[in-house]
Amino acid sequence: MIRKIIIGLVLIFIVIQFIPVEKENPPVTADLDAPPEVKEVLKRACYECHSNETNWPWYSNIAPVSWLVANDVEEARSELNFSDWGHLTRKKIAKIKEEIWE
């Protein structure tokens with residue numbers, strides 16, 4: 001019985017690898033304009049999820065982790081995307097800066 005369960009789990013793991021996950025990096029349209037020191041910190045700490053310059057790690061190719069990583073990046077970009085920073089209104093930028101500070 002245990003052997004059948006293990007074989008079933010292995011087969012499920014293999015099958016889910018064929019479910020595609022959208023991992024794209026759209027073009028950067030209006031990147032953040034900041035001093036080099038600030039931009040370097042943001043690139044190191046935030047850009048992986050909050051920009052269109054994501055370097056997808058190796059484990060983002062293995063389901064079900066790939067689904068979680070892709071979902072996290074999509075959610076992060078929807079909240080704040082430094083690649084679209086230049087398109088934001090001053091009011092939105094002020095709100096984001098306040099949230100970042102917190």
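Which residues form a nonpolar patch on the surface? I looked this up in a predicted model, in which local features need pLDDT of at least 70, side-chain atom pairs count only at pLDDT 80 or more, and totals for chains, interfaces and linings use all residues. Residues are numbered from 1 along each chain as its sequence is written, and side-chain values use heavy atoms, with hydrogens and water left out.

Entry on the patch. I listed Ile2, Ile6, Ile7, Val10, Leu11, Phe13, Ile14, Phe18, Trp58, Tyr59, Ile62 and Val65, which together have about 1,200 Å² of accessible area (Shrake-Rupley method, 1.4 Å probe, only the protein chains shown counting as cover). Patch members have over 30% relative accessible area and no salt bridge, and nonpolar side chains are joined within 5 Å; a salt bridge is a side-chain nitrogen of Lys or Arg within 4 Å of a carboxyl oxygen of Asp or Glu. Helix 1 (residues 2-16) gives the largest share, seven residues; helices are DSSP runs of H or I, at least four residues, numbered from the N terminus.

Entry on rings. I found three aromatic pairs, where ring centres lie within 6.5 Å and planes under 30 degrees apart count as stacked, over 60 as edge-to-face. Tyrosine 47 and phenylalanine 82 are stacked, at 5.2 Å centre to centre and 5° between the planes. They are 35 residues apart, and both are buried (under 20% relative accessible area; exposed is over 50%, partly exposed in between). Tryptophan 58 and tyrosine 59 are edge-to-face, at 5.6 Å and 85°. Tryptophan 58 counts as exposed because its relative accessibility is 65%, whereas tyrosine 59, at 37%, is partly exposed.

Conventions
Patches are made of residues with over 30% relative accessible area and no salt bridge: like charges are joined within 9 Å, nonpolar side chains (Val, Leu, Ile, Met, Phe, Trp, Tyr) within 5 Å. Helices (H or I, at least four residues) and strands (E, at least two) are DSSP runs, numbered from the N terminus. Rings of Phe, Tyr and Trp (its six-membered ring) pair if their centres lie within 6.5 Å; planes under 30 degrees apart count as stacked, over 60 as edge-to-face and the rest as tilted. Buried means under 20% relative accessible area, exposed over 50%, partly exposed in between (1.4 Å probe, protein chains only).
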